[in-house]
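Subject: Structure for you to look at, with notes

Dear colleague,

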Amino acid sequence: MTAKPASPGTLPATVSSARTRAAILKRLRAATATMNTATLRALEIRHAWFGELDAESRSWISVLARGGIDGFVNWVSGSAFSFESIFDSAPRALAGRISLRQTVDLVRTTTDVVEEQIQLLLPRADRQPLLLGIVHYSREIAFVAAAVYARAAEARGAWDSRIEATIVDAVVRAEADESVTSRASTLGWDSEAPTVVVIASAPKNLRIDELRRASARLSLDMLAAPQGERLVCIFAGEALTDPARACDLVTELEPHFASGPVVIGPLAEGLRGAPTSARSAASGYRAARAWPEGPRTLLSNDLLPERALAGDGHARRTLARDLFGLLKGSKELLETCVGFLDAGSSMEATARAMFIHPNTVRYRLRRIQEVTGYNPTDAREAYVLRLAITLGRLQE
């Protein structure tokens, strides 16, 4: 970016005699060293943050203060001068060490000290044009400082977005190693907090910042990146206490996603466990079209049958090994579950077929729900149990 030339200084406009202007500038230049020393002393006295900085940062601030005072001398004389050149002498890293508020403190303190020193060191006749000049000069410096910080924030935001995208991509590709955790820490990410991955359709006018602010209101940290037509989000926070709570929280974020399913992977312990959650969420997102009657926001484990039929080996193993294994542990429960499903979910027909009392059927159905978490009397959950029994028997 090309620096905009500064407007002419006030001295040529207020002092008509060239000889008088030269004399004023000579006396002003002779006082700059004293002004710089007084400025640094004032910073130490008035601002606690200045004393807390490291020696290198204080040294660069001294350079900035001296550059600002010298710049005032050049500008007030009417010489060609660029306000941005004052900040060019400091390294870019300095913008990350001192805040915009602290920079405003620096400009204000320097201005105050220069005004005080003009009153103390220069003749009465010199003061009025120079005091008028310092008012205009400090205003321009403040505007330039704000612009410098705005550009730094834009550059930092673009860099953070690239880091965020690489982290999300690494999690999706199951490469969340130490380097990924380290990159996430630079964004202030808590790598040990409960974590969940959510996949949904990306809206055409994606506004990740709005989604991030909405997540923050729910006490959730978020990393997000679009991948083609889908949006992959990683949420973390102590608010993610269990899958049901995670589903409730993500449901509140539905307006920020495009139409279509919003699939939530299982809870993971920190960022290292996020790839497992991402794999389940991606599988569920692909299979969700097979259950359009389901809720819009749902857990990936709610789609185990569709995922298994779509070829997801993890879903098949969960059904055949984990769910069927729970039923197989009790012969009575397994027989009752199969008999109840074969009898069209009729307790009386099941009781007659098994030569037991209907109350016994009811008791065993309640036990099946307690053991597996699925209720055979619910049509959807009965479908899950039926597929788990089928896959489990095939594996045996």
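Below are notes on charged pairs, aromatic rings, a surface patch and a few loop residues.

Please keep in mind that this is a predicted model, in which local features need pLDDT of at least 70 and side-chain atom pairs count only at pLDDT 80 or more, while totals for chains, interfaces and linings use all residues. Residues are numbered from 1 along each chain as its sequence is written, and side-chain values use heavy atoms, with hydrogens and water left out.

Salt bridges

A salt bridge here is a side-chain nitrogen of Lys or Arg within 4 Å of a carboxyl oxygen of Asp or Glu, and by this rule the structure has 18 salt bridges. One of them joins the side chains of Asp126 and Arg27, with N and O 2.6 Å apart. Asp126 belongs to helix 8 (residues 124-172) and Arg27 to helix 2 (residues 18-46), so this pair ties together parts that are 99 residues apart in sequence. Helices in these notes are DSSP runs of H or I with at least four residues, strands are runs of E with at least two, and both are numbered from the N terminus.

How covered is each partner? I call a residue buried when its relative accessible area is under 20%, exposed when it is over 50%, and partly exposed in between (1.4 Å probe, protein chains only). Asp126 counts as buried because its relative accessibility is 3%, whereas Arg27, at 34%, counts as partly exposed.

Another salt bridge links Asp70 with Arg66, whose closest N and O atoms are 3.3 Å apart. Because these two residues are four residues apart in helix 4 (residues 55-76), about one helical turn separates them. Asp70 is partly exposed with a relative accessible area of 29%, and Arg66 is partly exposed with 32%.

In helix 17 (residues 358-372), Arg367 and Glu370 are three residues apart, about one turn of the helix, and their side chains meet in a salt bridge of 3.0 Å from N to O. Arg367 is partly exposed at 30%, while Glu370 is exposed at 56%.

Aromatic rings

Rings of Phe, Tyr and Trp (its six-membered ring) are paired if their centres lie within 6.5 Å, and planes under 30 degrees apart count as stacked, over 60 as edge-to-face and the rest as tilted. Searching the whole structure in this way gives three aromatic pairs. For Trp49 and Phe50 the ring centres are 6.1 Å apart and the planes stand at 80 degrees, so the pair is edge-to-face. Trp49 and Phe50 are both buried. Phe72, Trp75 and Tyr137 form one aromatic cluster.

A charged patch

Which residues form the negative surface patch? They are Asp190, Glu192, Asp221 and Glu238. Patches are made of residues with over 30% relative accessible area and no salt bridge, with like charges joined within 9 Å and nonpolar side chains (Val, Leu, Ile, Met, Phe, Trp, Tyr) within 5 Å. Asp and Glu count as negative.

Asp221 lies in strand 2 (residues 221-227) and is partly exposed at 39% relative accessibility. Glu192 is found in the loop between helix 9 and strand 1 (194-201), and at 63% relative accessibility Glu192 counts as exposed.

Loop residues

Most residues other than glycine have a negative phi. Ala174, although not a glycine, has a positive phi of about 60 degrees; its place is in the loop between helix 8 and helix 9 (178-185), and Ala174 is exposed at 53%. Phe355 also has a positive phi of about 60 degrees without being a glycine, and Phe355 lies in the loop between helix 16 (347-354) and helix 17, where its relative accessible area of 77% makes it exposed.

Finally, Asn301 sits in the loop between strand 6 (297-299) and helix 13 (304-309) and is partly exposed at 39%. Its C-alpha atom is separated by 8.2 Å from that of Ala315, 14 residues apart along the chain.

Methods
Areas by Shrake-Rupley, 256 points an atom, 1.4 Å probe, with all protein chains shown as cover. Charge placed at Lys NZ, Arg CZ, Asp CG, Glu CD.
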